[in-house]
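Open the model in your viewer and keep the selection panel at hand. The tour goes stop by stop.

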Amino acid sequence: MTIGAKNTKTLADAYLEKRIGHSSLVLKNSFIKSAAFEGMNDDGIPNQKLIDHHVELAKGGVGLTTVSYGAVSAEARTFSDQMYINDHSLKSLEELADKVHLAGGKASMQLTHCGYFSKNKKIKKLLAPSKLFNAYGSLSGLMFSKPMTKSDMKKVALDFANSAQRLKSIGFDAVEIHMGHGYLLSQFLSPLTNKRKDAYGGSIENRSRFPLEVLKEVIAALGTKFTVLVKLNLSDGLKGGFSIEDCIYVSKMLEQMGCAAIVLSGGFTSKTPFYLMRGEIPLKGMIKNGTSIAEKITMALFGPMIVKKYSYSSNFFLAQAIKVRQQVKLDLVYLGGADSKLAMEEILKAGFNFIALARPLIHDPYFIKKLGEGEIEKSLCNHCNECIVEMDRGGVKCVLD
Ligand SMILES: Cc1cc2nc3c(=O)[nH]c(=O)nc-3n(C[C@H](O)[C@H](O)[C@H](O)COP(=O)(O)O)c2cc1C
């Protein structure tokens, strides 16, 4: 789109076919199911529920559905039974991609590394840009991270590239490199967690060096036409963190490097977990789900102090996202509170070609279809966020009727 051009799009425009950036992927519409951890795997192997979940979303009308948290190695997991990209998980993922295609959709995988944010006891040494205290994993004995060496970085970049290449080979249509929400690449981008004194720390040019090296390896492995999305924070949501100015700089670099589109989000899971979704904090369920007595007690005592509440509003990231829209030309995916016809028309008018959603689709996988057919105008999700608790109880789902 031309920056500054008057935009008169309506919701109907979002239901037209669209190519993502310069890539070869054409979606049947503008709607993307945002990665939202499903908790649907058995000992790290995606199960039938995960396949059915994404098939349902494709049937319900999304152009592209994103499978959440594909760890790029066993050590990249936040907990030990999370999925990672290996021979076993690829078998189920191949079936998932095939069935999503048959249902009329396309499939993407979010590729991630936890960095220091992990309670996976199988990890011998947590990797991060700097030595950091890991409150989340401290009760599992994972107290501090080790600053990554150049060879650690090379290995992790290759893990991203190999995982992406393997997903392409089994029929996935896109990958999303997770550079947001306080995971490893976001830890490099944020001044709060990147205290390095070498070429990978300090200025935003330096803090973004490793995430951009990862992207370079991934594009080299996949070719320039394959769809590589990047999920990036608008800001970390706390003082001294990654800022909107940083985001604009990194977005311009991603554009130069051949990323197909950026999914804009925000927040830092270990510090501001509810900044990225807003609404209620399901504290009771989070305490019940604690994996050890100590974790439960800690959450019960300190949860209200640790977990800050942010009130929900439709399009809660739009004002920040428009600042990026005004500075870069590449396709941007808007995410955060796109919960109604009205909200979506606002997003389209602001110049975003793609709209990603999580909770409206957890509440009703047919939301997009119903909205397009005029059956409804607004999602009935009430942002109670109990779906987060359900991730650890057999799989993400809405608890409302
Ligand atoms: C249950 C749940 C799990 C989530 N897991 C992830 C995740 O694994 N990766 C990610 O990037 N975002 C995750 N998110 C954040 C969503 O992708 C999205 O940014 C957020 O919910 C705001 O969008 P919405 O208002 O459309 O729900 C999760 C959100 C929810 C509700």
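Start inside, with Phe160. Phe160 touches Val72, Leu111, Ile177, Val214, Glu217 and Val218, leaving out residues up to four places away in sequence. Touching here is contact: C-beta atoms, placed from the backbone, within 7 Å.

Before moving on, two notes. Residues are numbered from 1 along each chain as its sequence is written. The model is predicted, so local features need pLDDT of at least 70 and side-chain atom pairs count only at pLDDT 80 or more, while totals for chains, interfaces and linings use all residues.

Buried means 20 or more other C-beta atoms within 10 Å of the residue's own; exposed means 12 or fewer; partly exposed lies in between, with C-beta atoms placed from the backbone. Helices (H or I, at least four residues) and strands (E, at least two) are DSSP runs, numbered from the N terminus.

**The ligand**

Select the ligand and its surroundings. Which residues come nearest? Of the 25 around it, they are Ser34, Ala36, Phe37, Ala358 and Arg359. Near means a C-beta atom, placed from the backbone, within 6 Å. Colour β6 (64-71), α13 (359-363) and α15 (386-390): each supplies at least two residues of the shell. By class, the shell has 15 nonpolar, eight polar and two charged residues. Ala, Val, Leu, Ile, Met, Phe, Trp, Tyr, Cys and Pro count as nonpolar, Asp, Glu, Lys and Arg as charged, and the others, including Gly, as polar.

**Two loops**

Most residues other than glycine have a negative phi. Go to Arg278, in the loop between β12 (261-265) and α9 (283-289). Its phi is positive, about 65°. Arg278 is partly exposed, with 19 other C-beta atoms within 10 Å. Then jump to Asn315, in the loop between α10 (293-306) and α11 (318-325). Phi of Asn315 is also positive, near 50°.

**The whole chain**

Zoom out. The protein chain has 15 helices and 14 strands. Its C-alpha trace spans about 50 × 45 × 40 Å along the principal axes. Of its 401 residues, 49% count as buried.

Notes:
Contact = placed C-beta atoms within 7 Å.
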